[in-house]
Amino acid sequence: MSRAPATAKLNLALVVGPPRDDGKHEVTTVLQRLALADRVDVRPGQGLTVEGFAEDTLVRAALTALALEANIRPRWLARITKRIPVAAGLGGGSSDAATALRLANDTLDDPLPRERLHELARSLGADVPFFLAQGPQLGEGEGASLRPLELPQDYFVLLVASTDGHKRSTEDVYRAFDAKTGADGYDERRAALLDALARVQRPRDLAALPPNDLASSPLAHELRTLGAFRADVTGAGPTVYGLFHHRDRAEAARKRVRGRGRTWLTTPAWYG
């Protein structure tokens with residue numbers, strides 16, 4: 001049996017442009033893994049079985065696509081142990097799929113090369129290729145064209161996932177963005193993001209990254225008043241994150257906002 005963590009991710013910045021010809025939006029985003037992780041187990045099986053998470057579609061799709069590419073029947077037993085909240089902007093499903101893809105590929109007599117595995121991951125979703133890479137990445141195109149970044153990793157991350165029941169689908173979030181012509185000025189915002197990235201040396205320098213184009217939350221402002229040097233929504237939301245220099249400040253902030261939703265205290269991670 002092969003087993004690996006499937007880490008969550010943060011969008012430390014997300015600048016969104018106009019829709020492309022394929023219907024996806026042009027984006028420039030800063031992607032950072034977190035130590036908060038699901039666990040994925042993969043072993044050879046009699047057929048294709050995915051256990052542990054009844055709502056899964058991506059792991060099954062990933063293993064089916066891998067078998068098709070390798071010209072074999074899909075014969076794996078995969079088990080997902082969930083810790084990352086679902087539909088929270090933390091990439092849990094994409095991470096599970098990428099991890100299962102990597103583990104299953106390792107069981108093949110003739111594993112797919114890294115480049116082909118990346119393309120297969122890209123066909124599953126814009127976030128999936130990131131979880132095959134190590135370290136922070138700049139995502140461009142639809143988010144799947146990656147470039148490694150050297151970013152500080154010595155800080156603490158407080159996550160707050162609202163339990164108010166008002167989660168909008170990613171499609172609805174992008175639809176609202178288009179309706180308010182949010183893509184206007186994309187080139188300028190992208191340039192500002194790249195300029196801020198070039199200046200990052202210490203954790204506090206991440207505060208200069210532009211805010212998320214897709215979503216915002218008053219909770220981010222509250223986390224900043226509680227000592228976060230950066231706070232924003234990740235992805236299409238609804239999870240809000242705060243970055244803290246010191247664990248004790250992060251713990252204190254967690255106590256103050258515990259009634260606002262589920263909370264996690266974690267750290268950056270380099271790989272899964």
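These are my notebook entries on a predicted model of one chain.

**Ground rules**

I number residues from 1 along each chain as its sequence is written, and my side-chain values use heavy atoms, with hydrogens and water left out. Since this is a predicted model, local features need pLDDT of at least 70 and side-chain atom pairs count only at pLDDT 80 or more, while totals for chains, interfaces and linings use all residues.

**Entry 1: the whole chain**

I started with the overall layout and found seven helices and 10 strands (DSSP runs numbered from the N terminus: helices are H or I with at least four residues, strands are E with at least two). The C-alpha trace spans about 55 × 40 × 35 Å along its principal axes. I then looked up the radius of gyration, taken over C-alpha atoms, against the globule rule of 2.2 Å times the number of residues to the power 0.38. For 272 residues a compact globule would come out near 19 Å, and the chain agrees with its 19 Å.

Buried residues make up 52% of the 272 (buried is under 20% relative accessible area, exposed over 50%, partly exposed in between, with a 1.4 Å probe and protein chains only). Of the contacts with a separation of 6 or more, 71% join residues 24 or more positions apart; contact here means heavy atoms within 4.5 Å.

Which residues of helix α7 (247-257) are buried? I found Ala 250, Ala 253, Arg 254 and Val 257. Down the axis of α7 these buried residues fall within an arc of 105°, so they line one face of the helix (the arc is that of the directions from the helix axis to the C-beta atoms). A reminder to myself: an α-helix has 3.6 residues a turn, so residues three or four places apart point the same way. On the other side of α7, I noted Asp 248, Lys 255 and Arg 256 as exposed. The buried residues of α7 pack against β7 (156-162), α6 (218-225), β9 (240-244) and β10 (261-266).

Next I looked at helix α3 (114-124), where Leu 117, Leu 120, Ala 121 and Leu 124 are buried. Their arc is within 100° seen down the axis of α3, so they too line one face of the helix. Glu 115 and Ser 123 are exposed on the face turned away from the buried side of α3. The cover over the buried residues of α3 includes α1 (58-70) and α2 (92-106).

**Entry 2: two single residues**

Leu 48 sits in strand β3 (48-51) and is buried, at 17% relative accessible area. Beyond four places in sequence, Leu 48 touches Arg 60, Leu 63, Thr 64, Pro 74 and Trp 76.

Lys 82 is in the loop between β4 (76-81) and α2, and at 25% relative accessible area Lys 82 is partly exposed. Leaving aside neighbours within four places, I found Lys 82 in contact with Asp 38, Phe 53, Gly 92, Gly 93 and Asp 96.

**Entry 3: backbone checks**

Where is the cis peptide bond? It runs from Gly 237 to Pro 238, with omega near 5°, and Pro 238 lies in the loop between β8 (230-233) and β9.

Asn 71 has phi of about 60°; Asn 71 is in the loop between α1 and β4 and is exposed at 70% relative accessibility. Thr 181 has phi of about 50°; Thr 181 is in the loop between α4 (170-179) and α5 (186-198) and is partly exposed at 49%.
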